[in-house]
Structure formats: structure tokens, C-alpha cells
Amino acid sequence: MSSTAAARSILVTGANGVLGHAIARIFLEREPESLVFMGTRSGRDRVEALISEYPGRAFAVALEVTSAEDWSQVLTQIEQHGAPLAVLVNNAGFHDDALLATMSADQWTSVIAGNLNSVFLGCQTAVNAMMRHRFGRIVNIASLSALHGPAGQTNYAAAKAGVLGLTQSLAKETARMGITVNAIAPAHIEGALPAGWAEEQIKAARLQTPMRRFARPEEIAAVVFFLASADASYITGATLKMDGGLV
Ligand SMILES: NC(=O)c1ccc[n+]([C@@H]2O[C@H](COP(=O)([O-])OP(=O)(O)OC[C@H]3O[C@@H](n4cnc5c(N)ncnc54)[C@H](OP(=O)(O)O)[C@@H]3O)[C@@H](O)[C@H]2O)c1
């Protein structure tokens, strides 16, 4: 955006995580007019660092993404700052892997709630606000697991595949209102590999990837930034897989 562009608000969920932090940072660095609201749950260290680095532009907001009440409160907080909510990045998410035969009901429902119901709540909150301004950009962070369903991730793959379906349908509902809705499906992200992976497993996964490396968080953040920009105005309902050529 140019330096004369109007101020707009960006909301990134799960902003204290590896990818969320990179996404919040890219808006702070590249769009100096923007106010960046960083959704946090328990962790705050990375978010606090950005608030110190960008005083008056970076804000922490308490946002448990499965709570409709939290979404409503966060929207009120954003609107009180005076710059309309223009960009929502639904980034918060987690996995809790198990073979389906032994998966507990709680493992199923919590992963669906945290990765899919949360995106429904976020999109509904954002779309209602964005419709008033007839402009909006929603970027949903899904996963390559949505497209190729690895063993041990029936819950996560189903949730993330649901995010892709939601993205396509919602894009059609909002296209005429100037609101685009897109998704990114990353494979493994450097610095955010599954906890407990042995060095051998990491090596094997790298070797399996045609680029022989994992995505850097900044590479994914750059695509989010592009999808939120004026340059991406004709892209909606799309899923961009970012997997170094894996699938
Ligand atoms: N890492 C990968 O290789 C990979 C690959 C494909 C897709 N993804 C997706 O990319 C996104 C970001 O993941 P990441 O790798 O950056 O993971 P991460 O470092 O673990 O960060 C995830 C963030 O989401 C937050 N979060 C999780 N559940 C939440 C909830 N119910 N309410 C509010 N916040 C919640 C966490 O908050 P707390 O600080 O409270 O824990 C954390 O800040 C996720 O959607 C993930 O599924 C990741």
C-alpha cells in the first residue's frame, strides 16, 4: 500500500505461534498505515516483542478462537480504534494425532472445534463487519493434510478439509461485496515441526520434499500478505498449496 492509503485493521489469530508471528510481522513491516491486532491465548512472548517494536500499531487481544463471545469482544476492541477490520487471518490451529481406531471422542471434537468451528466463528464475525465497508480479505490457514490426509490425522485432515470447503462456499457468498476468501495449505514449516519428531524423521521428511527443505514461516507470511493486498483483488475461493513440490 502507498503511504497515503487509509488505515485499516488486520487481525491475526494464534499470533504468538511460529507462523502467526511471521504474519503479524509482515503487515507491521510492509504496511505502515495498518493497525495489527494479534490474537493470543496462553503464550505472549512473541506478541509482546512486536508490541515493543511497533508501539501504537501492534496490539494484543485475548482471543480463544472457539469462543463466540471472545470474537465479539475482539471486534468491539478493534472498532474502538477507528480503523475498519479489513483483513482476518485465521491462523490459530493445532493437531492431536492418533489412529482413528484408538482416537478418543475428545481428540476428535477438540480438533474439529479448534481448527474448523473456530474458522466459522471468525469468518462470521469478520464478514458481518466487512460487509458494512464492502471490503475485506480473509485468509484461512489450512494444511496440506487437507489435501492428502496422512494416517493418524483423520481429525485434523477432516477439520482442515472443512476449512477449504468453507473457503470456497463463503468466497461465492461474499464476492459481490468486495470480500475475498482464500486458503493456504502449507506442508511442514521450519521451526514448527511436530513435537517429538526424531532427527531421522526430520531428515526423511526433508528428503521426501522435492525442494529438500521445509517452508520458512516468512515465505508463507508473504503469500498471506499478497492475498490481502490490492494486487490479489481477483483471487477468491482459492487454495494455494505451499509444499515445496511435495504433492
Ligand atoms: N507447523 C506446521 O508444520 C504446519 C503445517 C501446516 C499447517 N499448519 C497450520 O498453521 C497454523 C499455525 O501453526 P504453527 O505451526 O504456527 O503452530 P504454533 O506455533 O503451535 O502456533 C499455533 C498458535 O495457535 C494458537 N491456538 C491454538 N489453538 C487455539 C485456540 N483454540 N484459540 C486461540 N489460539 C489458539 C496457539 O496459542 P497458544 O500460544 O495459546 O498455544 C499458538 O499461538 C495452524 O493453523 C496449523 O494447523 C502448520
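Analyst: Sorting the shell around the ligand by residue type gives 10 nonpolar, 12 polar and 2 charged residues. Here Ala, Val, Leu, Ile, Met, Phe, Trp, Tyr, Cys and Pro count as nonpolar, Asp, Glu, Lys and Arg as charged, and the others, Gly among them, as polar. Keep in mind that this is a predicted model: local features need pLDDT of at least 70, side-chain atom pairs count only at pLDDT 80 or more, and totals for chains, interfaces and linings use all residues. Residue numbers start from 1 along each chain as its sequence is written.

The shell holds 24 residues, with Gly-14, Gly-17, Arg-41, Gly-43 and Gly-93 the closest; a residue is near the ligand if its C-beta atom, placed from the backbone, lies within 6 Å of it. Helix 1 (residues 18–30) is the top contributor, with 3 residues. Helices (H or I, at least four residues) and strands (E, at least two) are DSSP runs, numbered from the N terminus.

Now for Ile-23. Skipping neighbours within four places in sequence, Ile-23 is in contact (C-beta atoms, placed from the backbone, within 7 Å) with Val-12, Val-89, Asn-91, Ala-221 and Val-224. In the largest nonpolar core, which has 62 residues, Ile-23 is one of those touching the most other members, together with Val-12, Ala-24, Val-36, Met-38 and Val-224. Such a core joins buried Ala, Val, Leu, Ile, Met, Phe, Trp, Tyr and Cys residues through C-beta atoms within 7 Å, buried meaning 20 or more other C-beta atoms within 10 Å.

Further out, 7 strands make an open, parallel sheet ordered 3-2-1-4-5-6-7, pairing needing at least two DSSP bridges. Strand 3 (58–62) and strand 7 are the edges, each with a single partner strand, so one side of each lacks a neighbour in the sheet.

Definitions and conventions: A residue is buried if 20 or more other C-beta atoms lie within 10 Å of its own, exposed if 12 or fewer, and partly exposed in between; C-beta atoms are placed from the backbone. Two residues are in contact if their C-beta atoms, placed from the backbone, lie within 7 Å.
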